[in-house]
Amino acid sequence: MSDRLSKKHVLVVTGPSASGKSTLIGKLLTDGDVATQIFGKIGLNLRKSRRKMNTQRLVNKRKLGKNKSRNKSKVAIIHIDMLSTRREDRMRDLVYIAESSRSFSVIILCTPHEVWFRRIS
């Protein structure tokens, strides 16, 4: 079970609300140009199976041990809202995941204030 985590490459996409995290993750789950560029820059093979997963699944040995295709993916992509009320819990989870996974990369999205304000208005 923890052995599954030790074999995973973990990619965290983080940023404030409305910064484009979900849009980027959607593109990373396809084989398009964006995924090719980002996976190339962090040294991951685009052909590896990848799934969006949450931190709770990755730190829970019982959940991760279930025989589901999601758990068998080689690359776990995690969505973290850095302004979430549960960010402290997520950061604790991420420390464990970073120490236990095969590789750990973080993409931080920054959005200019005027763009962000238009998105949430």
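**Exercise 1. With which residue does arginine 92 form a salt bridge, and how far apart are the closest N and O atoms?**

Solution. Keep in mind that this is a predicted model.

Step 1: Arginine 92 pairs with aspartate 89, and their closest N and O atoms are 2.5 Å apart. A salt bridge requires the nitrogen to be within 4 Å of the oxygen.

Step 2: An α-helix has 3.6 residues a turn, so residues three or four places apart point the same way.

Step 3: Follow aspartate 89 onward. Its side chain also meets that of arginine 86 in a salt bridge (3.2 Å, N to O). Arg86, Asp89 and Arg92 are thus linked in a network of salt bridges.

Step 4: Check accessibility. Arginine 92 is exposed at 53% relative accessibility, while aspartate 89 is partly exposed at 27% and arginine 86 is partly exposed at 45%.

**Exercise 2. Work out which face of α7 is buried.**

Solution. 

Step 1: Take the helix itself. Residues 87–100 make up α7, which reaches 20 Å from its first C-alpha to its last, close to the 20 Å expected.

Step 2: List the buried residues: Arg90, Asp93, Leu94 and Ile97. Viewed down the axis of α7, the buried residues fall within an arc of 105°, so they line one face of the helix.

Step 3: Turn to the face pointing away from the buried side. Here you will find the exposed residues Glu88, Arg92 and Glu99.

Step 4: Zoom in on arginine 90. With a relative accessible area of 14%, arginine 90 is buried, because the cut-off is under 20%. Apart from neighbours within four places in sequence, arginine 90 contacts Thr55, Gln56 and Ile80.

**Exercise 3. Describe the sheet and the helices packed on it.**

Solution. 

Step 1: Order the strands. The open sheet of four strands runs β2-β3-β1-β4, with parallel pairing. Strands β2 and β4 are at the edges with a single partner each, so one side of each lacks a neighbour in the sheet.

Step 2: Inspect one pairing. Seven bridges join β1 to β3; in one of them, threonine 14 has isoleucine 80 of β3 as its partner.

Step 3: Helix α2 touches β1, β2, β3 and β4, and its direction makes about 170° with that of β3. Helix α7 touches β1, β3 and β4, at about 155° to β3.

Terms used. Residues numbered from 1 in each chain as written. Predicted model: local features only at pLDDT ≥ 70, side-chain atom pairs only at ≥ 80, totals over all residues. Heavy atoms only, no water. Helix = DSSP H or I, 4+ residues; strand = E, 2+ residues; numbered from the N terminus. Expected span 1.5 Å × (residues − 1). Buried < 20%, exposed > 50% of the residue type's maximum accessible area, 1.4 Å probe, protein only. Arc of directions from axis to C-beta. Pairing = 2+ DSSP bridges. Contact = heavy atoms within 4.5 Å. Axes fitted to C-alpha atoms, helices over the stretch in contact; angles between N-to-C directions.
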